Amino acid sequence: MQNTLDTLPVAVIGAGPIGLSAAVHLRNCGYRPILFEAGAQAAANLARWGHVRMFSPWSYNLDPAATALLRQQGWREPAADAFPTGRELLQHYLLPLAAHPEIAPHLHLETNVRSVSRLHHDVLRTPGRDDAPFVLRVADPDGERDVIAQAVIDASGTYQTPNWLGAHGLPALGECAAADAIAYGVPDILGSARAHYAGKSVLVVGAGHSAYNALQDLAALAGEAHGTNVLWGVRCTALSRIVRSPANDALQERRRLEERIQELLALEQVQTFTGLEIEAIERQDDKLIVRGSAGQLLPVDRIIAATGFRPDLSLLAELRLSLDPTTQSPTRLAPLIDPNLHSCGSVPEHGITELSHPERGVYTLGIKSYGRAPTFLLRTGYQQVRSVVGALGTAAATAPPCSAPVSACQG
Ligand SMILES: Cc1cc2nc3c(=O)[nH]c(=O)nc-3n(C[C@H](O)[C@H](O)[C@H](O)COP(=O)(O)OP(=O)(O)OC[C@H]3O[C@@H](n4cnc5c(N)ncnc54)[C@H](O)[C@@H]3O)c2cc1C
């Protein structure tokens with residue numbers, strides 16, 4: 001079985017920045033990657049927030065192993081200290097990488113991985129488990145099929161599974177029925193989604209940088225489109241606890257965004273509601289009424305739920321994972337990314353040790369590895385990939401030794 005396993009590809013779920021990076025490192029280390037992407041193009045999640053300016057500069061957002069490959073094709077590195085939008089990252093880096101002749105043949109677009117298991121082994125069955133290859137049930141426009149792999153890297157992100165508005169972690173009562181008036185994530189308020197927000201009362205819910213981006217764009221829209229009202233609801237009882245002193249933030253573009261929010265608050269361009277624990281959302285005529293434990297808010301036309309994201313762990317349900325019950329990240333990673341102790345930028349470098357599960361040969365990487373913790377940075381994800389792929393041969397005890405020089409494997 002061992003020899004057969006060695007000849008199998010390593011499956012990568014998701015062709016976002018981290019999945020593409022994994023494909024590059026796998027290729028550099030002599031593995032055969034097979035990369036599945038649910039979207040019609042690579043990095044489909046990132047394309048949905050392409051209008052957002054990133055708070056990390058180009059130098060943080062590129063994987064050196066990938067740029068080395070791209071440079072062979074005449075690709076030119078952007079200014080290291082400039083801050084790209086998501087769209088710029090997509091067009092200048094991720095799409096060229098996906099189209100690279102060393103990556104493109106391994107990439108299957110419009111291919112959704114529905115579930116992963118081990119051949120002839122459900123989660124309960126132990127004998128021979130470590131020697132059994134993985135089975136991925138995938139669906140593409142031609143239908144369903146099973147793909148066999150020696151190891152699995154799940155880099156499928158979290159953007160497709162946002163958190164609910166409801167205070168209990170469940171949908172607020174009526175939230176699903178009001179879905180047509182709720183946007184999850186960061187809608188393109190000044191671009192393609194403008195008509196939904198111009199001249200409307202809009203409630204932004206959430207206390208992170210996605211909320212700040214939405215508030216910033218809505219305030220700009222209010223200056224152009226008469227009748228646009230911006231409301232902001234947070235769970236916290238004091239805004240001073242979430243809009244931090246800009247001096248504390250090492251990432252310059254994030255600091256600029258925080259300063260802008262403080263300015264909007266000082267100018268009273270945003271009406272704030274603290275201590276908001278949403279219990280129900282009701283429709284009254286063509287308005288939404290948001291009810292919380294402390295009463296109801298003013299009627300609004302639309303809601304933007306910038307309440308974060310959660311991993312979809314259902315596709316790995318037949319595998320033996322060890323997950324922290326709070327963050328839903330690999331157990332050993334959890335203390336390193338705890339949002340009570342860390343923000344993006346202060347999470348220490350980590351790798352195969354923290355990312356391993358009892359099930360050998362399966363790894364969740366990228367933002368999905370952080371579970372519900374919002375502290376992920378691409379730069380850390382590229383370090384994860386380098387460590388996991390570099391150690392795959394030894395960790396999975398099935399793969400061939402790295403056939404590329406060590407320096408190439410380490411990007
Ligand atoms: C608005 C916003 C701004 C951000 N700004 C920054 C920043 O400035 N700096 C920074 O470092 N990080 C930033 N992040 C965080 C993080 O770097 C990004 O979310 C990044 O896209 C994560 O990369 P990923 O490859 O882990 O996941 P994703 O980019 O989400 O990629 C996952 C891919 O998997 C695909 N997929 C999902 N499910 C399946 C399936 N079942 N089968 C096949 N394919 C599937 C998706 O279509 C997607 O293409 C930001 C995030 C958001 C949302």
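This is a predicted model: local features need pLDDT of at least 70, side-chain atom pairs count only at pLDDT 80 or more; totals for chains, interfaces and linings use all residues.
1. Arg254 sits over the face of Phe55, 5.2 Å from the ring centre.

2. Now the helix contact. H5 covers residues 64-71 and H6 covers residues 86-99. Their axes come within 10 Å and cross at roughly 70°. That makes H5 roughly perpendicular to H6.

3. Which residues in H5 and H6 meet? From H5 come Ala66, Thr67, Leu69 and Leu70. From H6 come Tyr93, Pro96 and Leu97. By class, the contact has six nonpolar residues, one polar and no charged ones.

4. Aromatic pairs come next. The whole structure holds four of them. One is Trp75 with Tyr93: the ring centres are 6.4 Å apart and the planes stand at 50°, so the pair is tilted. Trp75 is in the loop between H5 and H6, while Tyr93 is in helix H6, so the pair ties together parts 18 residues apart in sequence.

5. Are Trp75 and Tyr93 buried or exposed? Trp75 has 11% relative accessibility, under the 20% cut-off, so Trp75 counts as buried. Tyr93 is at 0% and also counts as buried. Tyr93 is also among the H6 residues that meet H5.

6. Tyr212 and Trp232 form another aromatic pair, edge-to-face, with 6.1 Å between centres and 85° between planes. Tyr212 belongs to helix H8 (residues 209-224) and Trp232 to strand S10 (residues 229-233), so this pair ties together parts 20 residues apart in sequence. Both Tyr212 and Trp232 are buried.

Methods. Residues are numbered from 1 along each chain as its sequence is written. Side-chain values use heavy atoms; hydrogens and water are left out. Axes are lines fitted to C-alpha atoms, for helices over the stretch in contact, and angles run from 0 to 180 degrees between N-to-C directions. Helices (H or I, at least four residues) and strands (E, at least two) are DSSP runs, numbered from the N terminus. Angles under 35 degrees count as roughly parallel, over 145 as roughly antiparallel, 65 to 115 as roughly perpendicular and the rest as oblique. Contact means heavy atoms within 4.5 Å. Ala, Val, Leu, Ile, Met, Phe, Trp, Tyr, Cys and Pro count as nonpolar, Asp, Glu, Lys and Arg as charged, and the others, Gly among them, as polar. Rings of Phe, Tyr and Trp (its six-membered ring) pair if their centres lie within 6.5 Å; planes under 30 degrees apart count as stacked, over 60 as edge-to-face and the rest as tilted. Buried means under 20% relative accessible area, exposed over 50%, partly exposed in between (1.4 Å probe, protein chains only). A charge sits over a ring if NZ of Lys or CZ of Arg is within 6 Å of the ring centre and within 35 degrees of the ring normal.
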